[in-house]
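This briefing covers aromatic ring pairs and a nonpolar surface patch. Please read it alongside the sequence and the coordinates.

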Amino acid sequence: MCYLIQVGCSDGTIRLHSVTTEHPVIQWNESTRGRSIQAVLWALTRPGMFFVLDASSHVYVWDLLQNVSKPVAEESLLSDKITAIAILGDPEKPSASSGLMLAKQSGAIEIQYLMKQWSEPHLNELETLHYILQKTA
């Protein structure tokens, strides 16, 4: 089993590290067009998916099985700045609803539920992810 850690940087770079090596397995430079990254969170039910929040309240959806070089979706929520993000879901029940909880500057909490394709794991997803990461390294 490979343990991975994600790092979001102030210049918009995302790095994916294995705990067994010093250098990143893969790195995405200026993934947020240079905006500082506030949070990087793995999906609870999809090993190949993660979410990024930048300093300008843009949320990026990464699905490494679909595209390893850029996010598959981006949402800009500029009317009320997002100050924190959390993942909702149960890894033991991947068919149950999962989503993102967004804390806003106004104090409001917003829940955005994920589409089924972003919440239910694909067949052999973990093995496919390992293969993709080995190929890109």
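The notes below take the ring pairs and then the patch.

The model is predicted: local features need pLDDT of at least 70, side-chain atom pairs count only at pLDDT 80 or more, and totals for chains, interfaces and linings use all residues. Residues are numbered from 1 along each chain as its sequence is written, and side-chain values use heavy atoms, leaving out hydrogens and water.

**Aromatic pairs**
- The whole structure contains four aromatic pairs (rings of Phe, Tyr and Trp, the last by its six-membered ring, with centres within 6.5 Å; planes under 30 degrees apart are stacked, over 60 edge-to-face, the rest tilted).
- Trp28 and Trp62 make a tilted pair, with 4.9 Å centre to centre and 50° between the planes.
- This pair links distant parts of the chain, 34 residues apart: Trp28 lies in strand β3 (residues 26-28) and Trp62 in strand β6 (residues 58-63) (strands are DSSP runs of E, at least two residues, numbered from the N terminus).
- Both Trp28 and Trp62 are buried (under 20% relative accessible area, with exposed over 50% and partly exposed in between; 1.4 Å probe, protein chains only).
- Trp42 and Phe50 are edge-to-face, because their ring centres are 5.7 Å apart and their planes at 75°.
- Trp42 is partly exposed at 26% relative accessibility, whereas Phe50 is buried at 0%.
- Ring pairs join Trp28, Trp42, Phe50 and Trp62 into a cluster.

**Nonpolar patch**
- Met101, Ile109, Ile111 and Tyr113 form a nonpolar surface patch with about 410 Å² of accessible area together.
- Strand β10 (residues 109-113) supplies the largest share of the patch, three residues.
- Tyr113 lies in strand β10 and counts as exposed at 59% relative accessibility.
- Patch residues have over 30% relative accessible area and no salt bridge; like charges are joined within 9 Å, and nonpolar side chains (Val, Leu, Ile, Met, Phe, Trp, Tyr) within 5 Å.
- A salt bridge is a side-chain nitrogen of Lys or Arg within 4 Å of a carboxyl oxygen of Asp or Glu.
- Accessible areas come from the Shrake-Rupley method with a 1.4 Å probe, and for residues only the protein chains shown count as cover.

Notes
Helices (H or I, at least four residues) and strands (E, at least two) are DSSP runs, numbered from the N terminus.
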